[in-house]
Amino acid sequence: TGTLPVTTDRARSTSDTGDLQFVANGALAHFKAGDLSTTFKLGLDGSRQESTSIRSGLSTDTSLSRGDFNGQVSFDLPLTSRRRNVRAALGDFSVNVHMGAHKLSDFGTLASVGGGLNWSPVKPVSFLVSYTETDNAPSLAQLGNPLVTTPDARVFDYVTGQTVDVTRVSGGNTGLRAETRHALK
C-alpha cells in the first residue's frame, strides 16, 4: 500500500498603515446670532497589505496598496440665539453643511456631502435632523485577504432546520466595488 501525500494549507497576511492629518477651525464670519464656524481638514494616509494563501499545494499571492488624499470642509451657522437675544423666543436654531472628497490611488474619487438642522426650543431639549450621503471603498482587507477554503464546516440551515456540512470559502475579493450610503437621522 502506498502512502498519501500530506499537504499543509496556510494563509498569511501583513498590513502597514500611516496617517497624517491637518485640521483648522475657527470663525469665518460673525453674525448677530453667533459665529459662522468652519472646519477645514486635509489628510494623507497610506496602507499596504500583502497576503499569501497555500491551499492543496496551490499558492496565491496578493499585494495591494492604497494612498488616500482627502479633504473636508464644514460650516455651522446659528440663526437664532437665546444667549445673544436674537429671535430668542424661537430658542437656539442652527444649520450645518459639510462636504468632503477622498482621492484613492487604487479606486478613484469618493465624495461625501451632508447637512443638518439643530433646534433647541428650551434649554434641556434639542432636536437634530441630519442627512449624509457617503461613498465608501472596500478596505484593503476586503479586497486582498487570503482565500481560505474550509471543507466539512458544520452550518445550521435555518430554512430546513438541519445541520449540514458545507465547504466554506472566505477571504478577500478583488472584484468588490464602492458603495454609497444614505443616512437620515
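Reader: Which two strands pair over nine bridges, and in what sense?

Author: Strand β5 (residues 108–122) and strand β6 (residues 125–136) do, in the antiparallel sense. Strands here are DSSP runs of E with at least two residues, helices are runs of H or I with at least four, and both are numbered from the N terminus. Two strands count as paired if DSSP finds at least two bridges between them.

Reader: What stands opposite serine 112?

Author: Threonine 134, in β6.

Reader: Before going on, what kind of model is this?

Author: It is a predicted model, in which local features need pLDDT of at least 70 and side-chain atom pairs count only at pLDDT 80 or more, while totals for chains, interfaces and linings use all residues. Residues are numbered from 1 along each chain as its sequence is written, and side-chain values use heavy atoms, with hydrogens and water left out.

Reader: What does the chain average in pLDDT?

Author: The average is 91, and 97% of the residues score at least 70. pLDDT is the predictor's confidence in each residue, from 0 to 100.

Reader: Which elements have the lowest and the highest mean pLDDT?

Author: Helix α1 (residues 140–144) has the lowest, at 81. Strand β4 (residues 92–104) has the highest, at 97.

Reader: Back to the strands. What is the order in the sheet?

Author: The order is β1-β2-β3-β4-β5-β6-β9, seven strands in an open sheet with antiparallel pairing.

Reader: Which strands stand at the edges?

Author: β1 (10–31) and β9 (179–184). Each has a single partner strand, so one side of each has no neighbour in the sheet.

Reader: By how much are neighbouring strands turned against each other?

Author: By 10° on average, direction ignored. The axes are lines fitted to C-alpha atoms, for helices over the stretch in contact, and angles run from 0 to 180 degrees between N-to-C directions.

Reader: How many bridges do β2 and β3 have?

Author: Strand β2 (residues 34–55) and strand β3 (residues 58–80) pair over 19 bridges, in the antiparallel sense. One example is threonine 38, whose bridge partner in β3 is phenylalanine 75. The two strands form a hairpin with two residues between them, and serine 56 in the turn has a positive phi of about 50°.

Reader: And β3 with β4? How many bridges there?

Author: Twelve, and these strands run antiparallel. Glycine 71 has alanine 101 in β4 as its bridge partner.

Reader: What is the bridge partner of alanine 101 in β5?

Author: Alanine 111. β4 and β5 run antiparallel and are joined by 13 bridges, and a hairpin of three residues links β4 to β5.

Reader: What about the loop between β3 and β4? Which residues are found there?

Author: Asparagine 85 and arginine 87 are among them. Asparagine 85 is not a glycine, yet has a positive phi of about 55°. Arginine 87, also not a glycine, has a positive phi of about 50°.

Reader: Is asparagine 85 buried or exposed?

Author: Exposed, at 62% relative accessibility. Arginine 87 is exposed as well, at 53%. Buried means under 20% relative accessible area, exposed over 50%, and partly exposed in between, with a 1.4 Å probe and protein chains only.

Reader: New topic. How many aromatic pairs are there?

Author: A search of the whole structure finds two. The rings of tryptophan 119 and phenylalanine 127 have centres 5.7 Å apart and planes at 25°, so this pair is stacked. Rings of Phe, Tyr and Trp (its six-membered ring) pair if their centres lie within 6.5 Å; planes under 30 degrees apart count as stacked, over 60 as edge-to-face and the rest as tilted.

Reader: How exposed is tryptophan 119?

Author: Partly, with a relative accessible area of 36%. Phenylalanine 127 is partly exposed too, at 45%.

Reader: What are the rings of the other pair?

Author: Phenylalanine 156 and tyrosine 158, with centres 4.9 Å apart and planes at 85°, so the pair is edge-to-face. Phenylalanine 156 is partly exposed at 38%, whereas tyrosine 158 is exposed at 74%.

Reader: Last one. What does leucine 117 touch?

Author: Leucine 117 sits in strand β5 and is partly exposed at 38%. Not counting residues up to four places away in sequence, leucine 117 touches Phe93, Ser94, Val95, Phe127, Leu128 and Val129. Contact means heavy atoms within 4.5 Å.
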